[in-house]
Amino acid sequence: MTSKIIGVGNYIPPETITNLFFDQHHFINKNGESLKEANDIIARKLKEITGIEERRYASEHQVTSDLGLIAAQRAIENSKIDPETLDYIIFAHNFGDVRFGTVQSDSVPSLAARVKHLLKIKNNFCVAYDVLFGCPGWIEGVIQANAFIRSGIAKRCLVIGAETLSRVVDIHDRDSMIYADGAGAAILELSEDSSGIQSHLSASYTLNEKDFLFFGKSYNNESCPDTKYIKMDGRKIYEFALVNVADAMKKCMDASGYTIDQLDKIIIHQANEKMDEAIVKRFYQLYDLPMPENIMPMVISKLGNSSVATIPTLLTMILDGELPSHEIKEGNIVLFASVGAGMNINSFVYKF
């Protein structure tokens, strides 16, 4: 017994932000010193390292729950279900609703409760709650929904991943250039055949890795002395992910009952193109195999890193036929994986 995805939807915000947007930014290092490199060189290196040319920002009137609502509505329409039949709405995010021009996070009531309200669901026994699990939050929500369905607690669940990272970045930190906004959602229900989730794995590395991603002060101590923003130690994250994510992916793949040669696609969190390529190459090296061509769809060059939204956004794009070079057909085996703040890692193997 397992669960399967019966509908997907995403919302890609309308505002396209190219690397030229950052041309007039005053970038500072953690010691409060201005970076010596010109901004066009910083942007060029960003593209070389992460692959990011553009990213999407939400409109000024939108907050995270607004983006999540649109993705949820599209998933419901795609699945052709009655939303009153949902047993759970699980909303993965990290920073709540942060309105444009403010620095205050609003998470009460939960974003899931807000979406349920806006969907006008009358069923009081449709339980709505949020998941804060770093970038792997959407996958973790899917794993929880699968557990509810397999145990008989639920028959149908909506899992949303949405974020507006543009509202929580330090404009003086060049790492702010990787972040984006977006939303994706999926509806799961009991699978009556062999399709669906075949195996899953989650882990939290907190002993030494807890603060690789954290909330910290602006690098500009004069103009932003008390406000905190998302911060990261990129080198430590890269080194951590390269080893631990690949190992987790192998463990999850081996537990699925399928062999590596049966794997058709890998949908991995879109955080850094070079890092993702290195992770997948190492994953195949664990099987003494080279990384196959066209195994890993990537849209980070145009959409940036929208945290929990990257995977459901990408999945929807593939299933909707928006990526001509990638498709998922019935019977295909797909490995999903993510890594992020915590430090958390998770993965699941899925048969379509």
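Student: Which residues does Glu54 touch, not counting residues up to four places away in sequence?

Tutor: Glu54 touches Thr16, Ile17, Thr18, Asn19, Ile300, Ser301, Lys302, Leu303 and Gly304. Contact means heavy atoms within 4.5 Å. This is a predicted model, in which local features need pLDDT of at least 70 and side-chain atom pairs count only at pLDDT 80 or more, while totals for chains, interfaces and linings use all residues. Residues are numbered from 1 along each chain as its sequence is written, and side-chain values use heavy atoms, with hydrogens and water left out.

Student: What makes the meeting of the Glu54 and Lys302 side chains a salt bridge?

Tutor: The N to O distance is 3.8 Å. A salt bridge needs a side-chain nitrogen of Lys or Arg within 4 Å of a carboxyl oxygen of Asp or Glu, so the pair qualifies. The pair links distant parts of the chain, with Glu54 in strand 3 (residues 54-57) and Lys302 in helix 7 (residues 300-303), 248 residues apart. Helices (H or I, at least four residues) and strands (E, at least two) are DSSP runs numbered from the N terminus. Glu53, Glu54 and Lys302 are linked in a network of salt bridges, and a search of the whole structure finds twelve salt bridges.

Student: Why does Lys302 count as partly exposed?

Tutor: Its relative accessibility is 39%. Buried means under 20% relative accessible area, exposed over 50%, and partly exposed in between (1.4 Å probe, protein chains only). Lys302 therefore falls in the middle class.

Student: How do you know that Lys231 forms a salt bridge with Asp173?

Tutor: The closest N and O atoms of Lys231 and Asp173 are 3.1 Å apart, which meets the limit for a salt bridge. Lys231 is in strand 10 (residues 228-232) and Asp173 in the loop between strand 6 (156-164) and strand 7 (181-190), so these distant parts of the chain, 58 residues apart, are linked.

Student: Is Lys231 buried or exposed, and what is the relative accessible area?

Tutor: Lys231 has a relative accessible area of 2% and is therefore buried. Asp173, at 4%, is buried on the same criterion.

Student: Why are helix 5 and helix 6 called oblique to each other?

Tutor: The two helices pack at an angle of about 45 degrees, with their axes 8 Å apart. Axes are lines fitted to C-alpha atoms, for helices over the stretch in contact, and angles run from 0 to 180 degrees between N-to-C directions. Angles under 35 degrees count as roughly parallel, over 145 as roughly antiparallel, 65 to 115 as roughly perpendicular and the rest as oblique. Helix 5 and helix 6 are therefore oblique.

Student: Which residues of helix 5 meet helix 6?

Tutor: Among them are Ile237, Tyr238, Ala241 and Asp247 in helix 5, which meet residues including Lys274, Met275 and Arg282 in helix 6.
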